[in-house]
Amino acid sequence: MSGATGDVESPDFTPVDSNAADPAATETVETEAAAEEPWRVPAAQPLRVVAALLFLAAGAVSYGYTLLNFWSSPALGIHLRIPYPAYLLIAIGLVLALAALRVALGLWSPHAKLGIAGVAFLACLTFGIGGGRFVSYTLRGTRNPPFKVAVGLNDRFPDFKLADQDGLIHDADNFGASPLTLMVVYRGDFCPFARFELGELSKRRDEFRKAGVQIVAVSADPRERSTMLAHFLRTSLPLLSDPAEGLLGRLGLVQHYAGQPDSAIPAFFLLDRSHRVRWMFTSPYYREQPSPQAILDGAATTRVR
């Protein structure tokens with residue numbers, strides 16, 4: 001008896017390659033090899049470290065020098081409406097701090113990179129935020145309130161009778177003592193810009209005398225404060241006190257404060273013997289005041305006229 005035989009399909013069968021690597025085993029081997037590999041200390045890179053530190057130090061010097069010396073340095077633009085030299089030095093400090101950060105991030109040593117780059121990053125924040133506040137202060141925080149000077153060129157200066165720091169009475173008749181009188185209206189003894197300006201004028205007082213210019217200053221300070229300021233500056237310039245604002249009010253140069261004493265708005269007048277205004281200087285910023293040389297140039301121009 002014969003039976004029919006049919007084709008029998010065998011199940012799928014994939015041969016196992018005995019040489020194929022087990023992924024888990026491979027990872028274990030690599031981990032063990034890495035653990036056995038000795039730690040290699042990154043190269044010191046001394047030149048990069050020194051460069052980063054030098055950039056950082058130079059930036060700090062540029063930034064710090066500006067903040068500490070702007071209030072008493074003509075070179076930094078204290079006499080300029082926009083003190084570009086001071087802004088430039090602050091910008092240089094920020095750029096140097098950024099350069100220090102960039103160099104520090106290229107260090108191979110993780111500890112050195114973290115330490116130096118961290119300090120450089122903090123310096124960038126400090127210079128950026130502090131520099132921005134400085135610019136805001138000089139452009140916005142030092143603005144005078146809106147004012148209008150009551151006298152102009154060739155107008156007669158108001159008469160007055162005020163005492164100086166020594167109690168001596170001065171009036172408009174004093175203008176005849178010299179061909180020209182420089183009448184300086186300063187904010188008060190609290191203002192660093194006023195102190196610097198009066199100090200500069202005191203140092204060059206003899207030069208003004210030779211040019212035929214006598215100097216008188218006035219503020220809303222009481223006489224006691226004018227005396228203290230004269231001692232602080234070691235000056236004999238007459239510092240007139242006008243707390244009642246008899247002169248300053250007529251000039252329109254008074255700044256009022258809520259709950260605090262008033263102060264004067266800075267202004268400079270060159271007056272001739274007939275009490276006429278021959279040259280004057282005012283600014284929207286109380287920090288901007290003319291240099292002594294600018295005043296002497298104004299006096300020379302007045303004489304030519």
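This is a predicted model: local features need pLDDT of at least 70, side-chain atom pairs count only at pLDDT 80 or more; totals for chains, interfaces and linings use all residues.
The charged end of Arg287 sits over the ring of Tyr285, 4.6 Å from the ring centre.

Aromatic pairing was examined across the whole structure, and eleven aromatic pairs were found.

The protein contains nine helices and nine strands. Of its 305 residues, 43% are buried. Residues 24 or more positions apart account for 71% of them.

Five of the strands form an open sheet. Their order is β5-β4-β3-β8-β9, and the pairing is mixed. Strands β5 (239-241) and β9 (277-281) stand at the edges. Each edge strand has a single partner strand, so one side of each is left without a neighbour in the sheet. From one strand to the next, the twist averages 20°. Strand β8 (residues 267-272) pairs with β9 in the antiparallel sense, over four bridges. Within this pairing, Phe268 has Phe281 of β9 as its bridge partner.

Two helices pack on the sheet. Helix α5 (residues 192-203) touches β3 (180-185), β4 (213-219), β5 and β8. The direction of α5 makes about 160° with that of β3. Helix α7 (residues 223-233) packs on the sheet as well, touching β4 and β5. The direction of α7 makes about 165° with that of β5.

Ala217 gives a residue-level view of this region. Ala217 lies in strand β4. Its relative accessibility is 1%. Ala217 therefore counts as buried, the cut-off being under 20% relative accessible area. Leaving aside neighbours within four places in sequence, Ala217 is in contact with Val184, Tyr186, Leu198, Pro238, Leu239 and Leu240. Among these, Val184 is 33 residues away along the chain. The C-alpha atoms of Ala217 and Val184 are separated by 4.4 Å.

Strands β6 and β7 form a hairpin, with two residues between the strands. Strand β6 covers residues 254-257 and strand β7 covers residues 260-264. The two pair in the antiparallel sense over three bridges. Tyr257 has Gln260 of β7 as its bridge partner. In this hairpin, Gly259 takes a positive phi near 75°.

Gln255 is found in strand β6. The relative accessible area of Gln255 is 14%. This value is under 20%, so Gln255 counts as buried. A polar contact of 3.2 Å joins the side chain of Gln255 to that of Tyr257. Not counting residues up to four places away in sequence, Gln255 touches Pro145, Arg187, Asp262, Ser263 and Ile265.

Arg234 has a positive phi of about 55°. Arg234 is found in the loop between α7 and β5. With a relative accessible area of 79%, Arg234 is exposed, whereas Ala217 is buried. Glu245 likewise is not a glycine, and has a positive phi of about 60°. Glu245 lies in the loop between β5 and α8 (246-251).

Terms used: Residues are numbered from 1 along each chain as its sequence is written. Side-chain values use heavy atoms; hydrogens and water are left out. Two strands pair if DSSP finds at least two bridges between them. Buried means under 20% relative accessible area, exposed over 50%, partly exposed in between (1.4 Å probe, protein chains only). A polar contact is a pair of N or O atoms within 3.5 Å; within protein, one must be able to donate a hydrogen and the other to accept it, and residues adjacent in sequence count only if both atoms are side-chain atoms. Contact means heavy atoms within 4.5 Å. Axes are lines fitted to C-alpha atoms, for helices over the stretch in contact, and angles run from 0 to 180 degrees between N-to-C directions. Rings of Phe, Tyr and Trp (its six-membered ring) pair if their centres lie within 6.5 Å; planes under 30 degrees apart count as stacked, over 60 as edge-to-face and the rest as tilted. A charge sits over a ring if NZ of Lys or CZ of Arg is within 6 Å of the ring centre and within 35 degrees of the ring normal.
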